Amino acid sequence: LMSPPSLCSLLNSNKFTLIGDNAFAGLSHLQYLFIENNDIQALSKATFRGLKSLTHLSLANNNLQTLPRDLFKPLDILSDLDLRGNSLACDCKIKWLVEWLESTNTTVPAVFCSSPGQFEGQRIRDLALGDFQCITTDFVMHQVLPFQAVSAEPFTYASDLYVALAQPSASSCSILKWDYVERKLRDFDRIPAHSAVHCKPIVAQEQLYVVVAQLFGGSYIYRWDTAVDKFIKIQDIDSQKIRKPNDIEAFQIEGDWYFVIADSSKAGSTSLYRLNQNGFYSHQALHAWHRDTDVEYVENDGKPRLIISSSSQAPVIYQWSRAQKQFVPQGEVGEMLDVQMVKHFRAKREQFLCLSRYIGDSKVVRWEGQRFVEVQTLPSRGSMVMQPFAVGQRQYLALGSDFSFTHVYLWEEEKQKFAKFQELSVQAPRAFRAVPAADVQLLLAPSFKANTLVYRHVVVDLSL
């Protein structure tokens with residue numbers, strides 16, 4: 001006669017440091033397992049696989065700091081578990097244990113946290129799931145576009161997603177289309193532009209226009225012609241006003257479409273254009289002869305405003321006059337000179353501006369009724385771009401540099417400040433643009449000196 005299989009196993013006071021997968025294979029009748037007073041530092045996820053009859057398990061007085069997720073899941077009828085005398089770290093990797101202790105019928109004597117500091121000495125069973133901050137995010141490389149570019153503008157037309165990129169080295173405005181199956185940007189069309197600095201798509205009244213700003217040879221407006229499926233040049237932009245364009249913003253006021261071009265020449269003028277039935281027409285000359293670097297359209301308190309940065313004076317605020325149907329000067333933003341770029345973002349109900357500088361520190365300022373108040377200074381030597389952007393509920397800031405890594409910051413609402421979050425290796429970035437592509441959140445980083453990079457925003461649950 002064969003003897004019955006052992007129902008109890010004692011593995012006490014040995015020098016085990018690790019127990020691997022399927023360590024107890026073939027012991028399906030085992031009911032009691034005591035692994036105590038060893039130096040076990042790690043268990044594998046499938047250590048207890050196959051122990052279907054186990055009712056009592058003791059791992060007391062070992063050196064366990066964490067336990068693999070769902071370690072006890074194979075133990076269908078476990079009634080008693082002893083984890084005392086271990087140095088369990090109550091971090092995200094142990095969150096599953098808190099959930100399991102809430103739902104299990106297994107009797108587990110009190111186990112205490114040994115770290116981190118805020119949980120030290122607390123009973124694990126007493127921790128709330130909300131105590132664990134386990135959701136984090138990351139920007140990971142998604143696609144490399146094999147060309148240099150200096151601007152990126154996403155737009156939706158006829159239910160498809162596109163991006164327009166100014167490529168001066170390739171003498172074109174390149175239009176890429178999002179491929180929803182491959183989840184990549186693909187070539188769609190090119191508009192010839194031998195010194196393009198900005199390609200601004202405007203979808204108005206179901207028409208697609210692209211404003212092409214060039215450093216030399218004038219600037220133009222193209223329209224997508226659905227009859228022949230190509231871009232047709234429909235008008236020139238006055239080369240006496242727009243001599244050295246830098247930036248284009250497009251917006252609607254009271255149902256009318258406008259765009260404004262920042263001009264950085266001494267002889268030109270930042271200019272506002274308005275759309276009528278036949279095309280865009282010159283509407284207002286703004287801020288002449290100031291070598292403007294950037295323009296930003298902002299609406300706060302229900303009032304449309306333009307903020308124009310320049311290399312010769314502090315950023316200037318213009319406010320829309322409904323009576324005159326024009327922008328009128330309203331003051332300056334602080335005393336900051338030589339601002340390369342001005343961008344805005346909202347956090348809760350507050351409005352902020354990000355002012356980037358190539359020499360000296362960049363600033364984040366908050367709008368307070370009639371003026372802006374400085375809230376943060378960021379070192380930014382060599383910065384041509386400081387771009388705030390939101391992904392879901394998270395507010396980020398990308399600060400590029402010609403001399404070092406791009407720094408991504410994350411907004412901390414309680415402190416009303418940005419905290420360093422991640423470094424990205426982008427050579428000489430000239431823009432950062434968030435692109436929501438269906439279920440993928442992208443960040444485009446056009447580079448003046450190297451390939452244009454596309455990052456994907458990923459959410460990571462550290463407890464999994």
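This is a predicted model: local features need pLDDT of at least 70, side-chain atom pairs count only at pLDDT 80 or more; totals for chains, interfaces and linings use all residues.
- Strand E17 covers residues 256-263, and it pairs with E16 in the antiparallel sense over eight bridges.
- Zoom out, and these two belong to an open sheet of four strands, in the order E16-E17-E18-E19, with antiparallel pairing.
- The edges are taken by strand E16 (245-253) and strand E19 (279-288); each has a single partner strand, so one side of each has no neighbour in the sheet.
- Going from one strand to the next, the twist averages 20°.
- As a bit of background, strands in a sheet pair through backbone hydrogen bonds, and they can do so in parallel or antiparallel fashion.

**The nonpolar cores**

- The largest nonpolar core has 37 residues, and the ones touching the most other members are Phe-48, Leu-57, Leu-67, Phe-72 and Leu-97.
- Helix H1 (residues 95-103) gives this core its largest share, which is five residues.
- Take Phe-48 as an example: leaving aside residues up to four places away in sequence, its contacts include Phe-24, Leu-33, Ile-35, Leu-57, Phe-72 and Pro-74.
- There's another core apart from this one, made of 19 residues, including Val-150, Ala-166, Tyr-220 and Tyr-222.

**Aromatic rings**

- The model has 28 aromatic pairs.
- One of them is the stacked pair of Phe-345 and Phe-352, at 4.9 Å centre to centre with 10° between the planes.
- Are Phe-345 and Phe-352 buried or exposed? Both are buried.
- Phe-345 also pairs with Trp-411, this time edge-to-face, with 5.4 Å centre to centre and 70° between the planes.
- Phe-345 sits in strand E24 (residues 341-347) and Trp-411 in strand E30 (residues 406-412), so this pair ties together parts that are 66 residues apart in sequence.
- Elsewhere, ring pairs join Phe-155, Tyr-162, Phe-188, Trp-224 and Phe-231 into a cluster.

- Tyr-220, which we met in the 19-residue core, has Lys-233 lying over its face, at 3.8 Å from the ring centre.
- Phe-403 has Arg-381 over its face, at 4.4 Å from the ring centre.

Methods
Residues are numbered from 1 along each chain as its sequence is written. Side-chain values use heavy atoms; hydrogens and water are left out. Two strands pair if DSSP finds at least two bridges between them. Axes are lines fitted to C-alpha atoms, for helices over the stretch in contact, and angles run from 0 to 180 degrees between N-to-C directions. A nonpolar core is a set of buried Ala, Val, Leu, Ile, Met, Phe, Trp, Tyr and Cys residues joined through side-chain atoms within 4.5 Å. Buried means under 20% relative accessible area, exposed over 50%, partly exposed in between (1.4 Å probe, protein chains only). Contact means heavy atoms within 4.5 Å. Rings of Phe, Tyr and Trp (its six-membered ring) pair if their centres lie within 6.5 Å; planes under 30 degrees apart count as stacked, over 60 as edge-to-face and the rest as tilted. A charge sits over a ring if NZ of Lys or CZ of Arg is within 6 Å of the ring centre and within 35 degrees of the ring normal.
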